[in-house]
Amino acid sequence: MLDRELLIEVKDLCKSYGDHVVLENLSTNIYRGEVIAIVGPSGCGKSTFLRSLNLLERPEHGQIIFEGTDILDKKTNINHVRQKIGMVFQQFNLFPNMTVKENIMLAPMKLKNVPKGDAEREALRLLTRVGLAEKAEAYPNTLSGGQKQRIAIARTMAMNPDVILFDEPTSALDPEMVGEVLEIMKELAEDGMTMIVVTHEMGFAREVANRVLFIDERNIQEDEDPETFFDHPSNARLQEFLSKVR
């Protein structure tokens, strides 16, 4: 374990909305190549924690050290850091006036100055990888929810990030479309992509994650490998939570 590369170090993270404290002195380490599943009851701060990792939410206190840089330091160029931190949202966020291929090409061309031809080749490669090569010239409004989410994943991969954050990526999908998205995520994990996933999909957490975090009462209450987490939970609140979601 000593040779693991520390990718993200979170120290004493605090986040409030007015008088409502959402996260309080939360600390954890995330290593390159890990798949972290984050579970917990609604409103416990899972998504707030995830969105703090690329400053879509700005914590009031603490440190988030990404590849040696404290991204909460005001001198840090967060837009530069975000190029290495991919994000997949619940609601896809595709541009409706652009084709699928153009959606994937946009960020590499705009942010990394990738030549159009190179960006197009990479977009087509990624579309093949997510099983949607035939949709390159289609527009998002012609796609199913599962297809849109697979496109959103391909768009994130086009930036070649060092970590991808997934904020409940299947929660807006019809049940029959969930599997196709989870399969792509499983393949990414097998390829060694570092992934932090807020999810309600306990089967995915058990099968794919290296570690599962249970957030409740403003902090991480349990942080274990999946077998220990699901089969031998020591935290009473986690035991109660699992009894309701299994």
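In this predicted model, α5 and α6 pack at about 20°, and since angles under 35 degrees count as roughly parallel, the two helices are roughly parallel to each other. Their axes lie 8 Å apart, and α5 passes α6 in a right-handed crossing. On the α5 side, the contact is made by Gly145, Gly146, Gln147, Gln149, Arg150, Ile153 and Met157; α6 brings Met177, Glu180, Val181, Ile184, Met185 and Leu188 to meet them. Sorted by type, the residues of this contact comprise 7 nonpolar, 4 polar and 2 charged.

Now look for α3. The axes of α3 and α5 come within 8 Å and cross at roughly 30°, which makes α3 roughly parallel to α5. This crossing is right-handed. Here Val100, Asn103 and Ile104 of α3 touch Ile151, Ala154 and Arg155 of α5, a set with 4 nonpolar residues, 1 polar and 1 charged.

Among the buried ones are Ile151, Ala152, Ile153 and Ala154, along with Arg150 and Arg155. The cover over the buried residues includes α3 and α6, together with β6 (85-88), α4 (116-129) and β7 (163-167).

Finally, check the length of α5, which runs over residues 145-157. At 1.5 Å a residue, α5 should span 18 Å, and its end C-alpha atoms are 18 Å apart, so the two values agree.

Key
Residues numbered from 1 in each chain as written. Predicted model: local features only at pLDDT ≥ 70, side-chain atom pairs only at ≥ 80, totals over all residues. Heavy atoms only, no water. Helix = DSSP H or I, 4+ residues; strand = E, 2+ residues; numbered from the N terminus. Expected span 1.5 Å × (residues − 1). Buried < 20%, exposed > 50% of the residue type's maximum accessible area, 1.4 Å probe, protein only. Contact = heavy atoms within 4.5 Å. Axes fitted to C-alpha atoms, helices over the stretch in contact; angles between N-to-C directions. Parallel < 35°, antiparallel > 145°, perpendicular 65-115°, else oblique. Left-handed = near helix turned anticlockwise from the far one by under 90°. Nonpolar A, V, L, I, M, F, W, Y, C, P; charged D, E, K, R; others polar.
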